[in-house]
Amino acid sequence: EIQALNVTVVYDFLSSGFFISVPASMYAGKTEGLCGPCNNNKTDDCKDREGNVMNDYNNCSCDWKGENPDSPSNSCTPVEPPHTPPTPCDQSPCDVLVDPEGPFAACHEVVEYDF
């Protein structure tokens, strides 16, 4: 805890992760990067140094990493998310709805399902 700044920082040695807690009443609009502008709006967190919202926290953290040549883990490689093609369905959506053995079978007595 850094009492003079009213900031709490917790580091997890197992995951190498950390948690920072600051009061919004003091820091609203005064933070940036992974924490965003401290406005309780998660949609504008994780901005790069140019202010662009990023969808990947690894790439965002790489953008904000400071240079430290003495650090044993000074490398930070942005990661491209893997492209996973959609899994094809074995049944059409209508077949799933009317299947007497399917997940909606219990509904057939209550809801009309003829097309």
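**Close-up views of a predicted model**

Asn 6 is found in the segment before β1. The model shown in these views is predicted.

View 1. Most residues other than glycine have a negative phi. Asn 6 counts as partly exposed because its relative accessibility is 41%, a value between the limits of 20% and 50%.

**View 2. The nonpolar surface patch.** Ile 2, Leu 5, Val 9, Tyr 11, Phe 13, Phe 18 and Ile 20 make a nonpolar surface patch of about 710 Å². Two elements, β1 (8-12) and β2 (17-21), each give two or more residues to this patch. Phe 18, one of the patch residues, has its place in strand β2. Its relative accessible area is 52%, so Phe 18 is exposed; the cut-off for this class is over 50%.

View 3. Gly 33 is found in the loop between α1 and α2. This glycine is buried because its relative accessible area is 2%, where buried means under 20%. Leaving aside residues up to four places away in sequence, Gly 33 touches Asp 45, Cys 46, Lys 47, Cys 60 and Trp 64. Among these partners of Gly 33 is Cys 46, which counts as buried because its relative accessibility is 1%. Gly 33 and Val 53 are 20 residues apart in sequence, and their C-alpha atoms are 9.2 Å apart in space.

View 4. Although Cys 38 is not a glycine, it has a positive phi of about 60°. With a relative accessibility of 14%, Cys 38 counts as buried. For disulfides, the count comes to zero, by a rule that asks for cysteine sulfur atoms within 2.5 Å.

**View 5. His 108 after the helix α3.** His 108 lies in the segment after α3 (93-98). Its relative accessibility is 17%, and His 108 therefore counts as buried. Not counting residues up to four places away in sequence, His 108 touches Leu 97, Val 98, Asp 99, Pro 100 and Tyr 113.

**View 6. The whole chain as context for the close-ups.** The secondary structure comes to three helices and two strands, which follow the pattern β-β-α-α-α along the sequence. Of the 115 residues in the chain, 13% are buried. Among contacts with a separation of 6 or more, 5% are between residues 24 or more positions apart. The chain exposes about 9,600 Å², and carbon and sulfur atoms supply 55% of this area.

**View 7. Confidence along the chain.** The chain averages a pLDDT of 78, and 83% of the residues score at least 70. Confidence is highest in helix α1 (residues 24-27), at a mean of 88, and lowest in helix α2 (residues 57-64), at 77. Where pLDDT is low, the predicted coordinates should not be read in detail.

Key
Residues numbered from 1 in each chain as written. Predicted model: local features only at pLDDT ≥ 70, side-chain atom pairs only at ≥ 80, totals over all residues. Heavy atoms only, no water. Helix = DSSP H or I, 4+ residues; strand = E, 2+ residues; numbered from the N terminus. Buried < 20%, exposed > 50% of the residue type's maximum accessible area, 1.4 Å probe, protein only. Contact = heavy atoms within 4.5 Å. Patch = residues over 30% accessible without salt bridge, like charges linked within 9 Å, V, L, I, M, F, W, Y side chains within 5 Å. Areas by Shrake-Rupley, 256 points an atom, 1.4 Å probe, with all protein chains shown as cover. Salt bridge = Lys/Arg side-chain N within 4 Å of Asp/Glu carboxyl O. pLDDT = per-residue confidence, 0-100.
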